[in-house]
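Dear colleague,

Please find below the structure that I am handing over to you. My notes on what was found in it follow directly after.

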Amino acid sequence: MSEDNPPPTQAHGSATGTSTHAVLEQPMVQETESGQKLLQFLQRRLNLPPTLLHRWVRTGQVRINGSRCKPFARVQAGDIVRLPPFAFKLAETGTTPGDPQAPINESASNNAGSPPLPPMIGTDGYLWAFNKPAGLPTHPGTGHEDSLSSRLAAYFADAPFRPVPVHRLDKETSGVLLVAASFEALAKAQEALRAGALAKEYVVWVQGAWPYEETQLLRHFLRKDSAQGYEKVRIAAPGEANSREALCLVRPLRVAQSQSLLLVRLLTGRTHQIRVQLAAMGHPVLGDPKYGAAPRRHVPRGAYALPAPARAGGADKKNPQPEGLMLHALRVTMPCGRIFSCLPSWVGEHALTDLPDPVATASAPQHGDGCGAFPLAEQSATNKFLRQ
């Protein structure tokens, strides 16, 4: 699908065949909304405070197919939800800030000058994949209103279920980002993420010669700290309060004396995980102003030093320092086997022209109680993607 093509239109629900009055006071649950809790359905349709919606349901002013219901009852496609006659008029003037998934005001969203959506990579029913460019946040935040989620809300302002991102990428990280255009697709994709059944792989250029020839498991404990008005993640000691274990698999693709290209598969999804863990290993991501000042370190005992021919290729003295964060979400593999992938737009010596094979996880990761890099059991021979 080209960059100029709009996304699929199945997200746009319709209520043809009914009067405007009936649609407002008795909306029908569309296929994209099926499976939501009633309170979620009402919040997405009306964008009103949950306490108010709870009161309407509790007092019987909201009903499903004519029957009284509870806020956490599940709505299904075709259900008729009766609302108070003043609900939509109140919603037109009501605002609930701070929710990145909340609908935005339609009069503002229909602005012809709204930024376009990023290029779409592919679709699987109501699950879509976009190639998020570096510099575009996933959600709006402090200092920026533009984001992928706000663009989706603007583009699908009239949809009963406005498509939302399934996960997030850092603002300066480019690549594959999944979007759900129905509640069922959102729930299934997020459950796959929690269960570790959805594989996310990244390519990244780091400083220095990566010392391991074969796939390594990186294990650290991370903790969020707030300092000088912004959030930063740091390495923590195992068992430290508010710390969380971070695991990823790393395989080298190209190695040179000054820079290395790595393929990373996340096993956990922590904030800034790849950037922090690689910096902790003494190989920060190129172009990372936040974690890029990590000190260089010596090759640890037991590390696999690469042979001289492999070090000769890749980025080196003739390769200038790139601009921007050299971290790209390369590929997402769904539990069903469906793959969404896109190559980074890097040029010159940093360019990647072919998709590498996925990081194998057939062998169980082996690590003790410490942190750092650990080899996998029954490693295969030399990585075929290393330049000779």
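The protein chain exposes about 18800 Å², of which carbon and sulfur atoms supply 52%. Please bear in mind that this is a predicted model. The chain has 388 residues, and 47% of them count as buried. Its secondary structure consists of nine helices and 14 strands. Among contacts between residues at least 6 apart in sequence, 69% join residues at least 24 apart.

Aromatic residues

A search of the whole structure finds four aromatic pairs. One of them joins Trp128 and Phe130: the ring centres are 6.4 Å apart and the planes stand at 65 degrees, so this pair is edge-to-face. Trp128 is buried, at a relative accessible area of 0%, and Phe130 is buried as well, at 1%. Trp128 also pairs with Phe156; here the centres are 5.4 Å apart and the angle between the planes is 45 degrees, a tilted arrangement. Trp128 belongs to strand 4 (residues 127–132), whereas Phe156 sits in the loop between helix 6 (148–155) and strand 5 (164–165), so the pair ties together parts that are 28 residues apart in sequence. Phe156 too counts as buried, with a relative accessibility of 0%. Together with Tyr155, the residues Trp128, Phe130 and Phe156 form one aromatic cluster.

Helix 2 and helix 3

Helix 2 spans residues 38–46, and its buried residues are Leu38, Leu39, Phe41, Leu42, Arg44 and Leu46. Its axis and that of helix 3 (residues 50–58) come within 10 Å and cross at roughly 125 degrees. At this angle, helix 2 is oblique to helix 3. The crossing is right-handed. Which residues meet where the two helices touch? From helix 2 there are Leu38, Leu39, Leu42, Gln43 and Leu46, and from helix 3 there are Pro50, Leu53, His54, Trp56 and Val57.

Backbone angles

Most residues other than glycine have a negative phi. Just after helix 2, Asn47 takes a positive phi of about 55 degrees. Asn65, which is not a glycine, also has a positive phi of about 55 degrees. Asn65 is placed in the loop between strand 1 and strand 2 and is partly exposed, at 45% relative accessibility. For His272, again a residue other than glycine, phi is positive and near 55 degrees. His272 is found in the loop between strand 11 (259–266) and helix 8 (273–280). Is His272 buried or exposed? With a relative accessibility of 13%, His272 counts as buried.

The loop residue Gln76

Gln76 lies in the loop between strand 1 (63–64) and strand 2 (81–82). Gln76 is partly exposed, with a relative accessible area of 40%. Leaving aside residues up to four places away in sequence, Gln76 touches Val29, Ser34 and Gly35.

With kind regards

Methods: Residues numbered from 1 in each chain as written. Predicted model: local features only at pLDDT ≥ 70, side-chain atom pairs only at ≥ 80, totals over all residues. Heavy atoms only, no water. Buried < 20%, exposed > 50% of the residue type's maximum accessible area, 1.4 Å probe, protein only. Helix = DSSP H or I, 4+ residues; strand = E, 2+ residues; numbered from the N terminus. Phe/Tyr/Trp six-rings, centres within 6.5 Å; stacked < 30°, edge-to-face > 60°. Contact = heavy atoms within 4.5 Å. Areas by Shrake-Rupley, 256 points an atom, 1.4 Å probe, with all protein chains shown as cover. Axes fitted to C-alpha atoms, helices over the stretch in contact; angles between N-to-C directions. Parallel < 35°, antiparallel > 145°, perpendicular 65-115°, else oblique. Left-handed = near helix turned anticlockwise from the far one by under 90°.
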